[in-house]
2 protein chains.
Amino acid sequence: VASWFSRGRQRIAAPTLRARSVAKTSSRADLEEFTPTVPELLGRAAYVQLMLFENLGRAVATAPTTAAKAALGRVAERAIGKHRALMSELDALGLDSTGAMEPFTAEVDEFQRMTQGSDWFELVLTCYLTAGFLGDFSAKLASGLDGDERARIEPVFTADWGEHELSGLLNEAMEENPRLGSRLAMWGRRLVGDTMLVARASLRHKDHDPAVHYAAEEARIEPVFTELVAAHTRRMDALGLTA
Amino acid sequence: VASWFSRGRQRIAAPTLRARSVAKTSSRADLEEFTPTVPELLGRAAYVQLMLFENLGRAVATAPTTAAKAALGRVAERAIGKHRALMSELDALGLDSTGAMEPFTAEVDEFQRMTQGSDWFELVLTCYLTAGFLGDFSAKLASGLDGDERARIEPVFTADWGEHELSGLLNEAMEENPRLGSRLAMWGRRLVGDTMLVARASLRHKDHDPAVHYAAEEARIEPVFTELVAAHTRRMDALGLTA
């Protein structure tokens, strides 16, 4: 595990930066030089969206009320729509869209397995935090693409993914059951660690230049993750929870 | 259980009519006089679509290959899109869209529970046959609405719901494992019985006119179900299975 991660947990516990939005701050810290190839970026992101959609589908199926089912259904539709948009982009590039996802299935499936949570509330928090973090991260990667590709792909990740529906459901649940908060705060802390690892892994596919020392590479990646963690903290704040 | 159902199984085993499409034959047999009120029709259909979507979401999550996941994702997106369209229609009518679904949740949840199947293959057959039958049935009901409402609602049910994607997945699976066919044929027979019962139940909500004898009512409903069963038989035929 790279050096950045050894400090990861501490940074999450006491973040100081409040980013307004990751997209708006992309000039300050970007991943341009670490951007994977287009098939890698799209293939992984398409499979991640499918995983997020599966989680939302399970949240719909296990929701305690009809209203929650309907709200989660709206969020699930957006997730599968993003998946389809990425698959269409792969098709338009003349690539095998299913094949482009294959290299990432084992890793993403394992991430999904680890982040299911023990009940519906934890699962909804997973949907909220992982869609947010991985969407922000993909938007960062897409901002390093060339003009045309960037113009087509970046909006897929910056478009509404149902943040307010999900935070609304969680806030409602915590109002009804105030003791839920501390359990969700703990689950959120565990989630962000796993989520950072799966995001970080997608940068490993980039050919490593032996002339660049890992520490130097980490130094360039770290500011991006600081922003992503700040956005995560803002999402936890929206639930009244400490990240 | 009404008299029609006592003969149901026999009729399914040896259907003789091959309808080209239910929509095209609506002049021959229709449910106009049994059409539920608009909130009933839309509320029930919206919840049925949510149930179909949940099943598809579970089929995505448990699919054996990435290609199957992607194909099922496309079908799931259509199912949740139909749900949203029906909810929007309820909203546009100034009705409480979630509340409109509530009267039907227990019955539809029970139907869902009974039709899960024992593995992914049976679940995909459930998605294929129940979406087909219940979609055709709802299209029939919608054809009894007044002009404007009919023009807005009927296309939701007649639009593509992923029939070819689902039959493609099932045919592929049976090619790889020819012994699957007889098991799926049996499951299909069980499904159609449960599906007819849940469809028939939605006509019970109509105020029953005591002047109309049940037998006469049944006589008018029966031709519609004959068409729906014929369409079901065509879907089984597309899998090389006897209904």
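1. Helices α6(A) and α10(A) are roughly antiparallel to each other, because angles over 145 degrees count as roughly antiparallel. The axes of α6 (residues 105–114) and α10 (residues 180–201) of chain A come within 11 Å and cross at roughly 175°. Axes are lines fitted to C-alpha atoms over the stretch in contact, with angles from 0 to 180 degrees between N-to-C directions; helices are DSSP runs of H or I with at least four residues, numbered from the N terminus.

2. The model is predicted: local features need pLDDT of at least 70, side-chain atom pairs count only at pLDDT 80 or more, and totals for chains, interfaces and linings use all residues. Side-chain values use heavy atoms, without hydrogens and water, and residues are numbered from 1 along each chain.

3. Chain A can be laid on chain B by a turn of 180° and a shift of 0.0 Å along the axis, with an RMSD of 0.0 Å. That is the relation of a two-fold axis. The superposition is by least squares on C-alpha atoms of residues with pLDDT of at least 70 in both copies. A:Gly57 comes closest to the axis of the residues of chain A, at 2.5 Å (C-alpha).

4. In the interface, 23 residues of chain A are in contact (heavy atoms within 4.5 Å) with 23 residues of chain B. The two chains bury about 1,800 Å² between them, 67% of it on carbon and sulfur atoms; this is accessible area (1.4 Å probe) lost on being put together, summed over both.

5. Four salt bridges are found across the interface of chains A and B (a side-chain nitrogen of Lys or Arg within 4 Å of a carboxyl oxygen of Asp or Glu). A:Glu77 forms a salt bridge with B:Arg84, with the closest N and O atoms 2.6 Å apart.

Key:
Chains are lettered from A and ligands numbered from 1 in the order in which they are written. Helices (H or I, at least four residues) and strands (E, at least two) are DSSP runs, numbered from the N terminus. Angles under 35 degrees count as roughly parallel, over 145 as roughly antiparallel, 65 to 115 as roughly perpendicular and the rest as oblique.
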